[in-house]
Amino acid sequence: MLSRLGLRAAPAALKGLAPCLSVGVLHASRPFHTGPRCLAPLPPLPEKGGQVRHGLIPEEFFQFLYPKTGVTGPYVLGTGLLFYLLSKEIYVVNHETIAGACIVGILIYIVKKYGADVAAFADKLNEEKVARALAVKNQSINNLESAIEQEKKEQWRVEGRGYLFDAKRNNVAMLLETNYRERLLTVYNEVKKRLDYQIAVQQLSRRREQDHMINWVEKNVVQSITPQQEKESIAKCISDLKMLSKSTRATV
Amino acid sequence: MADRPVPLKDTRFLDVKLGQVPSWIAMRDFTPSGLMGAVRRGYDSYYNKYINVRKGGIGGISMVLFGYVVISYIWNYEHLKHDRWRKYH
């Protein structure tokens, strides 16, 4: 379980990953799938390590001795070896033996009591690390998928460009029509103005002729009224007025 | 039993017969780069077998510590010889 804590700073995995990181990054000029086999994505870690019995002796040793000596073979070998070392005093019993025995006892007690908890804690840390990496990967996958959706939508939108161009063509045609009609109106107004001018000129000249003629006729008439006729007409007017005044006074 | 004769140079140590061990050792690469390569290979194989796993156990480092204890005992045997209980064995 301490190895699981060691895994948190696993350099070997990074060392195996570094040479192929440049292959993972996209170089347009570099060919792919050449050179030695790249370990990306990394193969997953093995679930359990090599088995070790009693924390000290690899299981392969027991399997190695099993065909010849059965199950108790390695233990008998261990006991014999221990007695040999003690009797020949290749292993010397002194104060350090007692100290070592106490330390080993305490270590074994600690490992047996707290080993599982530490292992679970380290596993939890690893799980969080893996979950974070997985979250990043899933996030990027989701982003890319939504980008693909967007792209497909854009491609679908492109199909509508016929309608767009028709609308634009209609707009342009309408503009042209409007412009044409404005100019038509301008032409009409201009022509109307010129014709009105001609009419006004004709009417003006006719009125002037009329006025002139009237003035001329009046002048001639006034000239033709001699003073004799003027006195007679004035006397007649006065007598008429007197008669009228008499009749009016009578009615009032 | 041998499927095809593998040259002695390429066999692994555990597959070498007992009589061929000296010649096998003589054929190893003793240049500095060869020695470093051997150390690196040994470290990598131990690391990938016992430590670089999902559910490692105490055996991974306890074997290393035990090896350290044994080597330090061997290196200090000259001193420890004087603590022996009997002179003749």
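Trainee: Is Lys49(B) buried, partly exposed or exposed?

Mentor: Keep in mind that this is a predicted model, where local features need pLDDT of at least 70, side-chain atom pairs count only at pLDDT 80 or more, and totals for chains, interfaces and linings use all residues. Buried means under 20% relative accessible area, exposed over 50%, and partly exposed in between, using a 1.4 Å probe and protein chains only. Lys49(B) has a relative accessible area of 32%, so call it partly exposed.

Trainee: Which residue does the side chain of Lys49(B) meet in a salt bridge?

Mentor: A salt bridge here is a side-chain nitrogen of Lys or Arg within 4 Å of a carboxyl oxygen of Asp or Glu. For Lys49(B) the N to O distance is 2.8 Å.

Trainee: Why does the pair Glu60(A) and Lys49(B) join two chains?

Mentor: Look at the helices, which, like strands, are DSSP runs numbered from the N terminus (helices H or I, at least four residues; strands E, at least two). Glu60(A) sits in helix H4 (residues 59-69) of chain A, so its bridge reaches across to Lys49(B) in chain B, in helix H2 (residues 32-51).

Trainee: How many residues apart are Arg181(A) and Glu177(A)?

Mentor: These two form a salt bridge, with the closest N and O atoms 3.1 Å apart. Arg181(A) counts as exposed at 55% relative accessibility, while Glu177(A) is partly exposed at 38%. Both are in helix H7 (residues 161-224) of chain A, separated by about one helical turn, because they are 4 residues apart.

Trainee: Which residues do salt bridges that share partners join into one network with Glu190(A)?

Mentor: Start with Glu190(A) and Arg194(A), whose closest N and O atoms are 3.0 Å apart. Both lie in helix H7 of chain A, about one turn of the helix apart. Glu190(A) is partly exposed at 31%, and Arg194(A) is exposed at 52%. Salt bridges with shared partners link Glu190(A) to Lys193(A) and Arg194(A).

Trainee: What share of the residues in chain A is buried?

Mentor: Chain A has 8 helices and 2 strands, in the order α-α-α-β-β-α-α-α-α-α. Of its 252 residues, the buried share is 10%.

Key:
Residues numbered from 1 in each chain as written. Chains lettered and ligands numbered in written order. Heavy atoms only, no water.
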